[in-house]
Protein chains: 2
Amino acid sequence: MSIPTLEEIRQAALRIKPFVHRTPVLTCQTLNRMVDAELFFKCENFQKVGAFKFRGATNAVLSLTDAEAGKGVCTHSSGNHAQALALAATNRGIKSYIIMPRTAARVKIDGVKGYGGEVILCEPTLHARESTSADIQKKTGALFIHPYDNLIIITGQATAALELNEEVKNLEIVMAPVGGGGLLSGTALATRYLSSTTQVIAAEPKEADDAYRSFKSGSFVSSENPTTIADGLLTSTGEITFPLIQKYVTDIVTVTEENIVAAMKHTWERMKIIIEPSSAVPFGAILENRSQFKGKRIGIIISGGNVDLANLPW
Amino acid sequence: MSIPTLEEIRQAALRIKPFVHRTPVLTCQTLNRMVDAELFFKCENFQKVGAFKFRGATNAVLSLTDAEAGKGVCTHSSGNHAQALALAATNRGIKSYIIMPRTAARVKIDGVKGYGGEVILCEPTLHARESTSADIQKKTGALFIHPYDNLIIITGQATAALELNEEVKNLEIVMAPVGGGGLLSGTALATRYLSSTTQVIAAEPKEADDAYRSFKSGSFVSSENPTTIADGLLTSTGEITFPLIQKYVTDIVTVTEENIVAAMKHTWERMKIIIEPSSAVPFGAILENRSQFKGKRIGIIISGGNVDLANLPW
C-alpha cells in the first residue's frame, strides 16, 4: 500500500461507520476570545474507547481477510491503542493479544480485558516487549498491528479530519498533537486532499520535542527520556509517519508543560468536556504562540479523554 | 400570563435562538448497559454560562418592553441564575443588579462581574437579601426576575425539553432534577405537549427531598437544612412551580448522596463530559431505582456543568 488516497480514506470512513461514533465539532466563545481566533474542536474524546485510536484499529481489523482475521491480531501498548484494538477485534468476533508491561496501571489492564482482549504481561523493557510479541505471533499466527507506523491505521485516523473538514469549511489551519505521528499523518492527508490551502500544524510538548527537532533538522531524531504530562505523546515518529509529516505538515510548534495544563483546565472549565493532557497540547500551543494563530479559523483534533480522575494536574 | 402554551414555548425558542446554544443530545452505550435502558442526555452543561438557566434568563430579558428594559433587571442568587441574568442583560445592552451573599465564592462573584453584572453584596440572611433587593428595586426601578417562580422563566427553561423531544422521538420517560422547579415545570409542559404519553419523572436528592414530600403528600413542604452535594437543588418549589409539578409531573424519585457521586463519576469517566452534581441526580436515581427504568427509552436533561475543579467529590 502506498500513500493513502482520498478515495481510500473515504472507503475507510464507510468501512468503520457502523462501529464508530461520528463525533461532534464543538466551539466555545470564551476560548475564542482568550486567543482571538475561531476554534473548532473535533471531539474524539467522545469516540468509543475514549480516543481517535478506535478509528485506526477498527479500519485495520475490518481490512483483514477472513483467513488473516481467523488468527487474531496482536500489539504492544499500554495506552489507548491497546483498548481500541481489543474492542475492534471483539466487534469482528476475533481474538486480540495485547502485550502490556507488568507495570501498567491496573485500570488499563482491566480496560483491555473488559473489551475482550487477552492480556499478556511482560517485563517493562523494549527487549521483553519485542520478544514476547514475536513469541505470540509465532505461536498464534496473529497479525501484528502497529499503533501508528502502519498505513491502514493512518488511513483510519484520517477519517476524523475528513469529517472535520467536511463539516467546517474554509479552515485556515488544522492542528493535531504529535506523538508517533499516526493521527498527524492522517490529519495532514485528509486536510490537504479536501483543502489544499489549509495549513496543517502539529503541536508537541517541549519536553518531548523529537518530532519538532526531526522536522526542523530534516532528519529523524528519536525521543529520549521525555518527561511530559502528555503521556500519549511519548513515542517517536516512525519510518512511515516521519516522511508523511515532512511532506504534508506545514509546521510543528512546541508548548511548555505549564501551558498544557492551563489549556487542559480552560477546556474543562469553559467547554465542560474532559480531555486528556495530550489533547490539550494544540490549544496550549496556541496560548503560547498567539501571534502565529491570531485571527485564524482553526480546526483542532481533540485526540482523547482518558484521564485518571483521582490524579488531576491541579 | 397563565400556564405557558406550546405556542408560547415555541415563540420563546425563536426569541432566544440568536443568543443560546442548541445543545447536543449525547448517548453512551456503557451507561446504557449499566442500567439496561436507553438514555438520551440533553447537554445543557454546554449551554452558555454552563447551565440551562441562560434560556430562562434570556427569555425574561428579551420579553421586556423597551421602557422596562431601560431600568435594568435584578435578582438575588449565588448560583447559575446570577451569571445567566447578568449575561442576558448585557446581551440586550441593559443593566443587571445581582444581589449576592458576601460569603459567596469569589469565583462566582467574579463570574457575574465578568458577564457585566453589577454585584451588590449583602449579609447571608434571608432578611438582608430581601431588604437589599427591595432597596435596589426602589432606587433603580429594575424589574425583579425570580430564578424559577416566574412563568416567563419557566417558558424559557421549557425550550430545552422542546429541543430534546423534537430531536429524539418516542421517549417513554423524560427526567429532570428538581430544586425550585423551574426546569422541571418547563420540561413537564414541553414534554406533555409534544408527547402526551411520555412520563415526566423528577429526581431529587434524599437529603433535600422537599419536592418529593410535597408531591407525595399533596401539600407544599419547604426545604429545611438540606445537606446535599447537589447545591443547585437546595431551594424549595414555589407558588407557581409546585402546582405545575402536581399537574404535569408523573412521579418524583429520590437518590442518596452516594449514588449522586457515583452517577457523576460514571458520567465524567465514560461520557467525557463535565456535569455538576445536580445534573447527576437523574442518572443517580436510575442507578438507585433500576426496576422502574429497566428497558425504557429515557431522555435526561443535564442541567449544568459548573464545578469547582479543585474540589471534586472523589
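Student: Let's start where the two chains meet. How many residues does the contact take from chain B and from chain A?

Tutor: Happy to begin there, and note that this is a predicted model. Residues count towards the contact when heavy atoms lie within 4.5 Å. On that basis, the contact takes 20 residues from chain B and 20 residues from chain A.

Student: Which residues of chain B lose the most area to chain A?

Tutor: The two chains bury about 1,600 Å² between them, and 66% of this lies on carbon and sulfur atoms. On the chain B side, three residues together account for 39% of what that side buries. They are B:Lys272, B:Ile274 and B:Leu309.

Student: Now to helix packing in chain A. How are α1(A) and α9(A) oriented to each other?

Tutor: Take α1 (residues 6-16) and α9 (residues 182-194) of chain A, whose axes come within 10 Å and cross at roughly 115°. Angles from 65 to 115 degrees fall in one class. That makes the two helices, α1(A) and α9(A), roughly perpendicular.

Student: Which residues in α9(A) are met by α1(A), and how do the residues of this contact divide by class?

Tutor: The crossing of α1(A) and α9(A) is left-handed. From α1(A) come A:Leu6, A:Ile9 and A:Arg10, which meet A:Leu189, A:Ala190, A:Tyr193 and A:Leu194 in α9(A). By class, the residues of this contact are six nonpolar, no polar and one charged.

Student: What about α12(A) and α13(A): which residues make the contact?

Tutor: The axes of α12 (residues 257-271) and α13 (residues 281-288) of chain A come within 8 Å and cross at roughly 110°. That makes α12(A) roughly perpendicular to α13(A), and their crossing is right-handed. On α12(A) the residues are A:Asn259, A:Ile260, A:Ala263, A:His266 and A:Thr267, and on α13(A) they are A:Val281, A:Phe283, A:Gly284, A:Leu287 and A:Glu288.

Student: In β4(A), what is the bridge partner of A:His76?

Tutor: Strands β3 (residues 73-76) and β4 (residues 96-101) of chain A run parallel and are joined by four bridges. Within β4(A), the partner of A:His76 is A:Ile99.

Student: On to chain B. Are α3(B) and α8(B) parallel or oblique to each other?

Tutor: The axes of α3 (residues 53-62) and α8 (residues 151-167) of chain B come within 7 Å and cross at roughly 130°. Their crossing is right-handed. Angles over 145 would count as roughly antiparallel and 65 to 115 as roughly perpendicular, with the rest classed separately. The helices α3(B) and α8(B) are therefore oblique.

Student: Which strands are the edge strands of the sheet in chain B?

Tutor: Six strands of chain B form an open sheet with mixed pairing, in the order β1-β2-β10-β7-β8-β9. An edge strand pairs on one side only, and here these are β1 (25-26) and β9 (251-255).

Student: In β2(B), what is the bridge partner of B:Leu26?

Tutor: Two bridges join β1(B) to β2 (residues 38-43) of chain B, and these strands run antiparallel. The partner of B:Leu26 in β2(B) is B:Phe41.

Student: At about what angle does helix α12 of chain B run to β9(B)?

Tutor: Helix α12 (residues 257-271) of chain B lies across β1, β2, β8 (199-205) and β9. Its angle to β9(B) is about 90°.

Key. Residues are numbered from 1 along each chain as its sequence is written. Chains are lettered from A and ligands numbered from 1 in the order in which they are written. This is a predicted model: local features need pLDDT of at least 70, side-chain atom pairs count only at pLDDT 80 or more; totals for chains, interfaces and linings use all residues. Side-chain values use heavy atoms; hydrogens and water are left out. Axes are lines fitted to C-alpha atoms, for helices over the stretch in contact, and angles run from 0 to 180 degrees between N-to-C directions. Angles under 35 degrees count as roughly parallel, over 145 as roughly antiparallel, 65 to 115 as roughly perpendicular and the rest as oblique. A crossing is left-handed if the near helix is turned anticlockwise from the far one by less than a right angle, and right-handed if clockwise. Ala, Val, Leu, Ile, Met, Phe, Trp, Tyr, Cys and Pro count as nonpolar, Asp, Glu, Lys and Arg as charged, and the others, Gly among them, as polar. Two strands pair if DSSP finds at least two bridges between them. Buried area is the accessible area (1.4 Å probe) that two parts lose on being put together, summed over both.
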